[in-house]
Amino acid sequence: MTFYKTLIRPLLFTLDAETTHGLAVEGCRWMSVLPGATKVARRCLELHDPVLETQVAGLRFNNPIGLAAGWDKNGRALRMLDALGFGFVEIGSVSARASQGNSKPRLFRLPQDDAVIVNYGLPNDGAKTVAKRLESHRGRLPLGVNLVKTNDGANAPVCSDEQILSDYEFSARRLHPHADYLMFNLSCPNAQGGKSFFAEPGNVERLLERLAPLQIQSPVFLKIAPNTDPGHLDRLLTQCERFDFVRGFCFNLPSQKPPLSVAPEHLIDKPGALAGRPVASLINDCISELYRRMDHDRYIVIGAGGVFTPQDAYDKIRLGASLVQVYTSMIYEGPGVVKRICTGLAELLKQNGFNHVSEAVGSAHR
């Protein structure tokens, strides 16, 4: 981490945030073809500790720390990501049709807050292209594919209900054979075209009815807007009740920016969602409230938002998350952050008398 923060990060931060992101993804892709590169990465960055191994929704994970969607939007760097110490990787968001996303600039760093403002607007290669790419992938880790409604741009006509539902169905049909799990992004805070559709009563159930005939064999998770209202969460759970393939939930970034400490004024009003440390408290509250209300034998929570340290991951697990994802900490801490979180998390579990990470899930409520 010191090498990254003192030498690598200063060089990367001389470039704009999106250029750096693109170089990181392509760098991982090209490094994976170098002889021995993935083996070296595994030796340096992987941690094998039985206390971290877990089984969730029928899938086995070497550790509960995964890479969140948004980093590798199109599944281009999977071979190297398999070697960086993650327990699982989620790619996307992927939509039915290819999309250019929002206009640039659309990614902004807030180093003083360990945060970024994300206004990508879901650029991706489209379901057909990504599915073709995944056909040849033989990964070591569980692979999640995040699916979303196509962003046709700010000036596109408003989509009908049928167009929104068909968009998700198209992507699911083509990608579910290549995924260990599917994550349906029902609440992208920085894209036009259906971002509030699933806030309307009954629309989650309508989507699940469209998915049921596909006989998706992999577990399905729903990525939803942050909300701690018990009534809202109960209505969501009621809509999912009939559909056994729905196995859990993840909270998305908030559409409104939480308070920032020292962010430059010219960035505070930038469009987009905030990711990083400032959202951790809100997401933790959401995880806690949902865990209280859901069926623990059926559903799990994937916790994402502001995970930089082992304690951050441990807090989310104790509040009810079975798996935890990182994204922004990769930007500020580098790929070594995964092993550091795993090492510290294993120590915390043992110090607090847990023999296995699954024993700690929801322990704050007991």
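Q: Which residues in α6 do A127, K128, V130, A131 and L134 in α5 meet?
A: To meet here is to be in contact, with heavy atoms within 4.5 Å. Helices (H or I, at least four residues) and strands (E, at least two) are DSSP runs, numbered from the N terminus. The α6 residues that meet α5 are F170, S171, R174 and L175.

Q: What pLDDT do local features need in this model?
A: Residues are numbered from 1 along each chain as its sequence is written, and side-chain values use heavy atoms, without hydrogens and water. The model is predicted: totals for chains, interfaces and linings use all residues, side-chain atom pairs count only at pLDDT 80 or more, and local features need a pLDDT of at least 70.

Q: Is α5 roughly parallel or roughly antiparallel to α6?
A: Helix α5 (residues 127-134) packs against helix α6 (residues 161-175) at an angle of about 15°, with the axes 9 Å apart. That angle makes the orientation of α5 to α6 roughly parallel. Axes are lines fitted to C-alpha atoms, for helices over the stretch in contact, and angles between N-to-C directions run from 0 to 180 degrees. Under 35 degrees counts as roughly parallel, over 145 as roughly antiparallel, 65 to 115 as roughly perpendicular and the rest as oblique, so the word for α5 and α6 is roughly parallel.

Q: Which residues of α10 make the contact with α8?
A: The axes of helix α8 (residues 230-240) and helix α10 (residues 280-293) come within 10 Å and cross at roughly 55°. The two helices are therefore oblique to each other. From α8 the contact takes P230, L233, D234 and L237, and from α10 it takes E289, L290 and R293.

Q: Which residues of α8 are in contact with α7?
A: Helix α7 (residues 203-211) and α8 pack at about 20°, with axes 8 Å apart, and are therefore roughly parallel. The α7 side of the contact consists of N203, V204, E205 and L208. The α8 side consists of L236, Q239 and C240.

Q: With which residue does the side chain of K350 form a salt bridge?
A: A salt bridge is a side-chain nitrogen of Lys or Arg within 4 Å of a carboxyl oxygen of Asp or Glu, and the structure holds 25 of them. In one of them, K350 meets its partner at 2.7 Å, N to O. K350 sits in helix α13 (residues 337-351) and the partner in the loop between α3 and β1 (54-56), 301 residues apart. The partner is D49.

Q: What is omega for the peptide bond from K104 to P105?
A: Most peptide bonds are trans. G92 and S93 are joined by a cis bond with omega about 10°, and S93 is found in strand β4 (residues 88-94). P105 lies in the loop between β4 and β5 (107-110). The bond from K104 to P105 is also cis, with omega near -5°.

Q: What is phi of D114?
A: Most residues other than glycine have a negative phi. D114 is in the loop between β5 and β6 (115-118). D114 is a residue other than glycine with a positive phi, near 50°.
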